[in-house]
Structures are given as C-alpha cells and as structure tokens.
Amino acid sequence: MTATEPVRSGDTYDAIETWSPAQLADWQLERVRHVVAGAAGNGFYAGHWREADVDPRRLQSWEDFRRLPLTSKQTLVAAGESWTARGGNVAFSTRGTSGEPLVVWLDAAESETFIVPTMRGYWWAGFRPGQTALMQSPAWHRLAAMEGHAVLRLGGNAAYYWGSGGPQYAGYFMDALERVRPQFVTTTAPFLVSLLRRFEDDVIDARAMFDSVRSIVAVGLPLTGQLRAHLSDRLGSEVFERSGTQEGAAADECAMHTAPHIHADVCHLEVLAPDGSPAPAGARGRLVVTKLHDTGDPVIRYDTGDIAERFDEPCGCGRTLPRLKIYGRPESSVNIAERRITAYDVRTCVDADPELVGRQVLLVRDGNDGDVLNVAIEGTEHNAAAIERRIHDQLGVERVSFTWLGRARMAWGFRQVVDKSEVQER
Amino acid sequence: MSVAATRITFASPDGELNFADGDLDRWAEHLVWCYSLIGVAEGSTIAVQDFGTSPLAYLGSKLLMPTLTAGVAERLDARIICLDASPDRIVLTPEVVRQVTPDVLIVRADILALLLDGSSRAGVDLTAVPGLSLVVVLGGESPPLPAGDFRRLLHCESSLLMAPQCTLCGCFHLREGVYELRGGTIHNLVHADAVPCAPRDLRPIDETCPLAPGDTLFELGRPEGGTR
Ligand SMILES: [Zn+2]
C-alpha cells in the first residue's frame with residue numbers, strides 16, 4: 001500500500017496515518033536517501049556537504065542522516081542560485097520577521113505532492129464533499145496555494161474573501177461569510193481574534209454570523225488550549241490548528257486537539273537540542289525540516305529557527321503520525337535569566353484567566369533588564385498577581401513587570417515581541 | 001455567461017465573482033493579452049504586489065488556483081512571485097527584488113507611494129533598478145501617481161476589467177468582444193457577475209491602434225494633467 005492511498009474509513013483519510021513507527025521510519029529513510037542522492041547534484045549542497053566532510057552516497061541509516069550538516073536561512077539566501085534551481089513557476093517569500101526574507105519556488109510536481117497532505121488535514125478538520133470553504137487568498141503563503149486545490153479535489157467549492165490578513169479586512173470577511181455561507185473557514189488565528197473584537201464593537205452575534213460554519217482551521221500562530229476553546233465557544237465552530245512553514249513543514253490537528261500531526265509523507269521534522277542531538281519527545285528544541293520529495297527547491301536539514309516540541313505518545317484519535325507543536329521563532333521569544341520564554345508561553349499564563357483570553361499579549365524587549373520579563377497586555381489591569389504567579393510557577397521566571405495598554409487596541413499580528421520604545425509610543 | 005456550476009468564488013469590495021470550470025483560463029488568457037500590450041515579454045519574471053485575491057495575483061499560475069489549466073506563468077513561460085499588498089509585506093519588497101531580480105513589478109496604485117518611499121529608505125530606488133519595469137495598476141478611483149516612468153493597467157475588481165495602456169499608441173485598450181464602452185461606463189461582455197464600472201476621468205479616443213484595430217481606445221485623467 002502506498003502512503004497516500006485514500007482509505008477514508010471513518011475519520012481516516014489515508015494509509016500512512018496508521019503506519020507503525022518502524023514502518024514510517026523505514027519508509028522515510030528511503031525517501032531521505034532518495035532526496036539526498038538527488039541533492040548531491042545541487043551546487044550548494046554538494047559544497048556544503050563536502051565542507052563538512054560527509055559523503056551523501058553513503059547514507060544508510062538515520063545516524064548517517066544526522067551527520068549531514070544543518071542549513072539555515074542565511075546560508076540559503078547567500079547561496080542564491082547555487083541552491084535554488086528556480087525551476088518552479090511561482091515563488092513565495094517568507095515573512096522576514098527575522099531579517100531577510102527567503103524566497104522559495106514552487107513547481108507543479110511539488111504542488112501535487114503538498115496538495116495531498118492539505119486534503120488530509122482538511123479531511124481531519126471535517127471538510128466533506130459538497131461543502132464550501134472560505135479561505136484567505138491563495139497567494140499569501142505556499143501552503144495556502146494548495147488549499148483551493150485540496151478543496152475542489154475533495155469535492156467542495158472554494159471561496160475567498162477580499163484583501164489580506166490584517167484586521168482592516170474583517171468587514172470583507174464578514175461580507176463574504178454572509179454571501180457564501182461556508183461550512184468551513186481557513187484563516188489566521190490573529191484574524192479570528194480581530195473578528196471577535198469587531199463583533200464585540202459592533203454588537204454582532206458571533207455565533208449567528210458563523211452559523212453555517214462547522215469547522216475553522218487557524219494558521220499562523222500556535223493556539224493556546226484556552227484560546228482554541230475560546231474561539232470555538234464564541235464562534236460556535238470547532239477550531240483546528242494547522243501549522244507549517246514555507247520551507248516544507250506541514251502539520252494539522254485532529255479532533256483530539258492535542259498538537260498537530262506531522263504530514264510525514266512530505267516532511268521529516270526533527271527537534272534538536274542545543275548540542276545538535278535529537279531532543280527527546282516532550283522537550284523543546286530547534287525545528288529542522290527535510291522535504292521528502294525531490295520536487296521544488298531541495299530542503300535538507302534546514303534549521304527553521306522555530307522552537308518546537310515533538311509528542312510521540314499515541315494520540316487518542318488512533319493515528320500514529322507523530323505530533324509536533326511549533327511555539328514560535330527566536331524573534332517571538334525573549335531570554336530571561338538564560339531561559340527562553342516564548343510569547344506562546346506567556347499567552348498560556350494570560351489566557352488561563354477567562355477574562356483575559358484572546359487579549360493581545362506582547363513581550364517587551366528591554367536591553368536593561370536581563371532577568372525581568374516585561375509583558376504588555378491589552379486592556380485594563382486584571383488579576384496581575386495571579387498571572388505573575390502562573391508565570392513564576394509554569395515558566396520559572398522570578399520577576400515580571402506588566403504594562404497594561406488600556407483601550408488602545410492593537411492589531412493582533414504575527415509580531416509578538418516589541419521594543420520598549422514601541423510600547424511607550426502607543 | 002457561465003452555465004456550469006460555480007466552483008470558485010472571489011468576494012470583492014462591491015460584489016463577487018463566480019467561476020465555473022474553464023472561466024479562469026479565459027481570464028488568464030486575457031491578462032496575458034494585457035501584458036503583451038504593456039510590453040511584458042515571454043520568459044519574464046513578474047512580481048505582483050497586490051492582494052492575493054486580485055486576479056493579477058491568482059491568475060498568475062495554475063499552481064495557485066484549481067480549475068486553472070494555464071495561468072500567466074504557464075502561458076508566458078514566466079515566473080511569478082506573489083507579494084502581498086499589506087504594509088507589513090511591502091517592506092520586504094526591496095530585498096525580494098534584490099534576490100529575485102524580476103523583470104516586471106506590478107503594483108497597486110494605492111500602495112505605490114508607500115512602496116517607493118519604503119524602498120528608498122531601504123536604499124533601493126525601484127524606479128531605477130536596471131532591467132525592472134514598473135506597471136502601476138489603476139483602479140477606477142486611483143490617486144495621482146508620483147512622478148516616474150510607469151506602464152499602466154486599469155483594473156476594476158468587481159467588473160473583471162483589465163485594460164492595458166498600450167506601449168505602441170499610448171492609449172488604454174478596451175479589448176474587442178470582451179468589453180464595451182457605453183456613455184462612460186464599461187460593460188463586461190463575457191462574465192455574467194461582473195458589474196459595470198465608470199472609471200473617473202475616462203476620455204474615449206476616436207482612433208484605432210494597429211496592434212488591435214477593433215479595440216476601443218481611451219485615456220484616463222484630465223487632458224491638461226496628462227494621463228495620471
Ligand atoms: Zn490525533
């Protein structure tokens with residue numbers, strides 16, 4: 001049986017979902033050997049591996065694979081055309097939140113490869129033939145480009161609201177929601193939060209607005225459990241987290257909502273400890289991506305800079321695909337007393353209070369206070385002592401300072417760390 | 001008019017456009033025709049700084065849209081790079097231009113000033129990058145353009161109106177059989193959902209262009225101000 005042969009019994013989309021860990025590891029190792037052999041002819045990788053004195057032709061085991069040196073955005077940007085063949089027709093740029101954007105090219109073969117996991121993820125989230133999905137534009141992200149294809153191949157219809165992901169487009173989204181009456185919505189988590197605020201400001205019944213919608217797929221930011229539950233409750237629709245990167249990582253949540261399952265037919269995802277060894281399941285580390293098909297630009301042991309965690313224990317849904325949560329990037333985290341604190345971690349402590357869930361939370365970078373966590377929270381002060389206690393207990397941070405941003409509403413965006421001067425200016 | 005079932009819907013600020021199988025290919029063919037009049041060559045690398053919900057973006061390639069069998073990239077053997085038109089993405093453009101060296105940069109008129117200012121602050125004068133042509137996408141109510149050597153494309157979203165400014169005659173072309181001008185209002189003859197539009201300061205030109213003799217020609221802007 002091939003990995004992507006559709007089964008569609010019950011809630012399962014295809015065969016790979018229930019492969020044993022050993023079966024998956026063997027299959028992925030074959031794919032890895034194939035893509036590494038293919039990339040040996042790529043000018044960048046050939047040089048990169050030669051410099052590190054590893055011979056890709058001798059790759060027999062996962063240990064051999066892990067001897068391949070990592071690549072990074074900086075090295076790929078610098079490698080330019082020696083890395084990217086630009087064989088593809090369409091390019092997407094990463095957001096460049098950490099300096100230079102990386103441009104990745106997509107070709108038809110790679111598009112086909114990645115449409116399959118998109119169909120799988122949509123299936124898990126409840127998309128079924130005959131339904132309509134209302135989505136963000138196909139051109140904003142490489143993974144978004146696959147979504148329309150997935151929807152039509154699953155026998156549904158695709159609809160797009162006008163504009164982009166910023167809160168200023170909420171009105172266009174609402175207009176499209178009323179016109180199209182979709183059963184399924186895909187958009188970013190920050191956009192969903194902006195919508196809730198808009199509903200509050202304009203005294204709109206959120207559940208009535210979403211009454212045709214059964215499932216919402218949220219991308220772009222990791223959801224805290226509380227935020228997911230809050231969005232599901234307020235919108236009356238089950239919210240699923242979808243995560244991935246322009247460089248090839250792809251994962252979707254099942255109905256257990258424990259953490260997204262990795263689409264292991266297209267990507268091999270490693271989480272590495274600071275010394276470069278595999279981080280044990282349940283421990284955080286750096287997310288490293290390898291694409292498993294020799295289509296598009298080769299991505300082999302690419303260090304995304306993301307902070308992630310793998311969960312290897314069986315999921316209640318019965319799928320054996322490993323799960324992975326991406327918590328954020330270095331630029332969405334701060335170091336406090338040599339401990340890396342992500343905005344997600346702090347949101348977890350803030351969202352625990354039902355009065356606060358969904359409020360914008362920013363980490364404030366202040367060069368002077370190496371051991372003080374500066375947190376800016378939208379709205380008026382509420383239970384600061386309790387938040388501080390949770391930050392202390394859960395994150396091990398001794399000193400916290402709060403800035404309450406009052407009624408000044410901010411666009412909930414992808415940036416989660418700001419400089420002190422930016423908060424003072426508001 | 002489409003008789004087949006709608007499979008794809010794009011909502012726009014003042015309406016919606018529904019597409020059945022085959023419809024997107026018709027409009028991709030038209031967009032390629034527009035590009036040919038503007039002077040976009042085969043094999044070009046085209047950067048599109050517009051919202052992804054604009055046909056200038058989503059008709060870029062079959063990889064972006066289901067049912068589209070050949071988009072601009074496939075028809076022109078071109079490469080498309082999608083750049084969103086929101087302010088946080090505009091700041092990335094100078095670096096993307098440096099990395100990708102596009103031949104053409106297509107930009108919405110309402111963000112042009114922001115893009116040029118931001119780029120020049122980043123040390124890149126987009127109006128003077130060797131080999132790069134700027135195509136400004138005018139809406140029905142576009143702001144005056146900054147000074148510069150721009151090619152122009154009139155695009156009214158909910159009308160599915162795409163009318164290029166011809167490099168030969170200098171006028172905008174309303175393609176024969178696709179649009180019709182009646183008393184200052186442009187009607188889409190092909191797409192049933194498209195609403196008529198009346199671009200500001202449209203002046204019909206009673207001439208013909210040898211490139212497309214059946215087309216209706218017009219200019220935009222007041223005569224004394226030139227085509228702005
Ligand atoms: Zn599961």
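Colleague: Which class does Asp110(B) fall into, buried, partly exposed or exposed?
Modeller: This is a predicted model, in which local features need pLDDT of at least 70 and side-chain atom pairs pLDDT 80 or more, while totals for chains, interfaces and linings use all residues. Residues are numbered from 1 along each chain as written, chains are lettered from A and ligands numbered from 1 in written order, and side-chain values use heavy atoms, without hydrogens or water. Buried means under 20% relative accessible area and exposed over 50%, with partly exposed in between (1.4 Å probe, protein chains only). Because its relative accessible area is 47%, Asp110(B) is partly exposed.

Colleague: Which side chain meets that of Asp110(B) in a salt bridge?
Modeller: A salt bridge puts a side-chain nitrogen of Lys or Arg within 4 Å of a carboxyl oxygen of Asp or Glu. Here the N to O distance is 3.0 Å. The partner counts as buried because its relative accessibility is 14%; it is Arg108(B).

Colleague: How many residues apart are Glu147(A) and Arg242(A)?
Modeller: Their side chains meet in a salt bridge, 3.2 Å from N to O. The pair links distant parts of the chain, helix α6 (residues 142-153) and strand β8 (residues 238-244) of chain A, 95 residues apart.

Colleague: Why does Glu147(A) count as buried?
Modeller: Its partner in the salt bridge is Arg242(A), which is also buried, at 6% relative accessibility. Glu147(A) counts as buried because its relative accessibility is 5%.

Colleague: Which residue meets Arg365(A) in a salt bridge?
Modeller: The N to O distance is 3.1 Å. Arg365(A) counts as partly exposed, at 38% relative accessibility. Its partner is partly exposed too, with a relative accessible area of 34%, and is Asp419(A).

Colleague: Which residues are linked with Asp11(A) in a network of salt bridges?
Modeller: A search of the whole structure finds 39 salt bridges over all chains. The network joins Asp11(A) to Glu17(A), Arg128(A) and Arg319(A).

Definitions and conventions. Helices (H or I, at least four residues) and strands (E, at least two) are DSSP runs, numbered from the N terminus.
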